[in-house]
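Notebook open, model loaded. I'm jotting down what I look up as I go.

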Amino acid sequence: MLNSRRAVCDTLDQLVVAVRSGESRSLVLRGEPGVGKSALLEYLIAQAGGIRVLRAAGVRYEMELPYAAMHQLCAPLMEGLHRLPEPQRDALGIAFGLRSGPPPDRFLVSLAVLTMLANAADEQPLMCVIEDAQWLDNASAQVLAFVARRLTTKAACVFAVRGDEARHLSGLPELVVGGLRDEEALALIRSVLPSPLDRPVQERIVAEAHGNPLALLELLDGMAPAELAGGFGLPDVQAPPTLIEDGFLRRLEPLPPDTRLLLLIAAADPLGDLVLVWRAAARLGIGAVAAAPAVAADLCEFVTRVRFSHPLVRTAVYRAAGKAERRRAHHALAEATDADVAPDRRAWHRAHAAAEADEQIAADLERSAMRAQARGGLAAVAAFLQRATELTPEPARRAERALAAARAKHEAGAPDAASGLVGMALAGPLDERQRARATLLQAEIAFTANRGDASPRMLLDAARQLEPLDPALARDTYLEFLAAAIFAGRMAVGDANLCAAAAAVKAAPAAPEPARPQDFLLDGLALLFTAGPDPAAPELRRAVTAFVDHAVSTREELRRLWLAFTGAVALWDDDACRALADRHLSLARDIGALAELPLALSSRITVHLFEGELAKAESLGAEVQAITAATGLRVTDIGALALAAWRGHEAEAEALIRTIADEAAARGEGAGLTVADWASAMLYNGLGRFDLALDAAERACADPPAPGAPSQWAPAELVEAAVRSGEHELARRAVEQLARSAQAGRGDWAAGVVARARALVSDEGAAEELYREAIERLGRTRLRPDLARAHLLYGEWLRGQQRGLEARQQLRTAYRLFSTMGMTAFAERTARELRATGESAQRGAPAGADLTPREGQIARLAAKGLTNSEIGSQLFVSPRTVEYHLSKIFAKLDITSRSQLEPALIQEHSGCRAS
């Protein structure tokens, strides 16, 4: 079969050569089931002499078990666990159930695996081979995708993936493995049959198999040529997976009963634990002799671990067994599992061994759910709670557990599964309050899955339904309703309009005594939309302070931190914005709250952008894309859009603006349209195309001034575009709109931005003082882009006043800041101004501008004196990765030591000189 795969084999050969020569590689083999990916992986392994090979495989019914695949891959390396830095060692130990502790940071687990693989590669080139990556459990999938993107030297990750699944691997190099051409398939048939086969039958088989080589092989295996020639015994070919499993089943049929039962036990064990499998087999009276027929049939190996010859063998074995047989296997595994060492795994097997509802087992699963969070986050909690629901005998208790499981599924980013569990709960005997909570959860699922204009009405109905039943929960629901109205933005209608929504909130039940932080937040936001920023400031400030001080439960933090962040933005409190965004992101990652993670990432990206940390924003933006692809959540990718606009990448930004605007309009997300307009205004102001910036900024400014939304910042863009377009009256109105939105701000951010805007519309006498005030105030913050723009505008104003020497000083500073941050369009605009003053500026950026974003991050941290380990911990890469990047940085900057980094980075390549 591989004779027809020469091009693919050549690529695999090149990968092996690259790893042996010290390079790193990642590759994803994509193809339909049975198309030959496993054979290609075996070919790759056969060519990998001198390279250590680690293997793992995803299994469909293990997808709910966190880190199952990672345990397969890393088990041979666990003797090196002690060599990891303590935080990584602890995180991996908790993830693998070797020790107890709080839920580990998913990124620390990823970093631990990366370090462990790097250490192993130091001793011998290393290759990780992962089959059926589409069935990896979520935790393993995230870790492996993280590792594959960060391997440095002497290591490779190769994945085999079914079709277009496993989107978490998007962006990695891919090789599509297609079906065989007709002549190739016919040649394959002839090569495996001992006698000729009639050509018409051959052609029928080829047509039904659609070029799938494994489907062909499994069809032909064990069938007599006469039967094939006459067409007897040849079933109609259905989907390849069924066909492949049928082929494996034919090999199972002649095996002795004990062998089949042994294979079933092995298939039911998610870890491939050889000792456990034999211990369970012994409980059923099965001895070692039972393994021989399975090995002879090339179905399974029993060496140091249990390993099936193909992932679908495991699936076929398990599916082929009757319910009673599967329960028997799980019961034996449960009895063989030490309740003290692995209570949760024992509970899991007991649950699958149960023939009927059992409250004791359900209660054990419910207890396991809380422990499972430390190893797998909310996804693991949801899996245990779902099975507990299915085993609960009493209808009311079952409905209650279904609601809890639905909540966990929702927060874990599985909206479809959550909806199904809510339906199960609603079918049970719920009291009025529980039914209202189920209605609320349905609305929350709709809002999370698609932040458009449909969910506000659902949340409003749920809030009103809860008012007489649970006033506190009703207020919490009104808060979510307000968040949904913010997202609906300009496309909201009726009660979902922000002003109408705020009015409905003001009519809601009063806050309980004592009021909670979320009550301050609700009242503050309602005041903001009805009375304005100044009256809303006290309540918003109390809410933000409470969330910054962690005076809120973890559960409430997770659900409310995004709105607390928007409150901090409304207050123009950049320090609080940073703290809340950091906390939200850390919390969402810690417990695997994939439904919340895109919002948390967007908040942190926003802070990075306003602080001029574009490389960090870019790295988080890639994570947003991976999460939304994996979960199916539909959110506006503000990070990618804003990043392209701030960098001034015109073609890329314009394409993203069109795409995001179309998608947002289709789902009724008005906030997405505002983001697109704000980004357009920023882009065109940087490019100096002020007429286009004016149009976009006007559209953004016409939207309700929602906190945290670009409409709050759009007036600053409108002032600049209007002044440069000669629309001075429009500019003055925009200044007043900006000043009103900044009324609640007490710090330097709000005052600095407003002073910069007022300077643009002021006469000569007042303008200079305002520009200086803006620079002074913004210089006390971390908001480098706003500071750079203040220097640019002041420099432009000074040039207009014929004060060229003073203008050069401001413009040089602006140019250095823009260039260092990578804001290319603004840097070029500044360079043009410099040339107009009689000073030429080289079009290249400062030293280090040719560094990649990651290299720039590492260079700046190393220049501050951080060690490789400290840099690695901060950026979630291994110390060896840092060392690898530093060698490239030194070469690019033409330096030889860390002491030379800082001068090399701050040296300007602008070549500024007098004409």
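I started with a helix pair: Asp-476, Leu-479, Glu-480, Ala-483, Ile-486 and Phe-487 in H23 are in contact (heavy atoms within 4.5 Å) with Glu-556, Arg-559, Arg-560, Trp-562 and Leu-563 in H27. I sorted the residues of this contact into six nonpolar, no polar and five charged. For that sorting, Ala, Val, Leu, Ile, Met, Phe, Trp, Tyr, Cys and Pro count as nonpolar, Asp, Glu, Lys and Arg as charged, and the others, Gly among them, as polar.

Note on provenance: this is a predicted model, where local features need pLDDT of at least 70 and side-chain atom pairs count only at pLDDT 80 or more, while totals for chains, interfaces and linings use all residues. Residues are numbered from 1 along each chain as its sequence is written, and side-chain values use heavy atoms, with hydrogens and water left out.

Back to the pair. H23 covers residues 471-488 and H27 residues 554-570; their axes come within 10 Å and cross at roughly 40°. Axes here are lines fitted to C-alpha atoms, for helices over the stretch in contact, with angles from 0 to 180 degrees between N-to-C directions. So H23 is oblique to H27 (under 35 degrees is roughly parallel, over 145 roughly antiparallel, 65 to 115 roughly perpendicular, the rest oblique).

Next I looked at a sheet. What is its strand order? I read E2-E3-E4-E1-E5, an open sheet of five strands with parallel pairing. Strands E2 (52-57) and E5 (174-176) stand at the edges with a single partner strand each, so one side of each has no neighbour in the sheet. Strands and helices are DSSP runs numbered from the N terminus (strands E, at least two residues; helices H or I, at least four), and two strands pair if DSSP finds at least two bridges between them. E1 (residues 24-31) and E5 run parallel and are joined by three bridges, and Val-28 stands opposite Glu-174 in E5.

I also checked what lies across the strands. Helix H2 (residues 37-47) lies across E1, E2, E3 and E4, at about 165° to E4. Helix H5 (residues 106-123) lies across E2, E3 and E4, at about 130° to E3.

Last stop, Glu-611: buried or exposed? I have Glu-611 down as buried because its relative accessibility is 4% (buried is under 20%, exposed over 50%, partly exposed in between; 1.4 Å probe, protein chains only). Glu-611 sits in the loop between helices H29 (597-610) and H30 (614-631). Leaving aside neighbours within four places in sequence, Glu-611 contacts Arg-578, Arg-782, Leu-783, Arg-784 and Pro-785.
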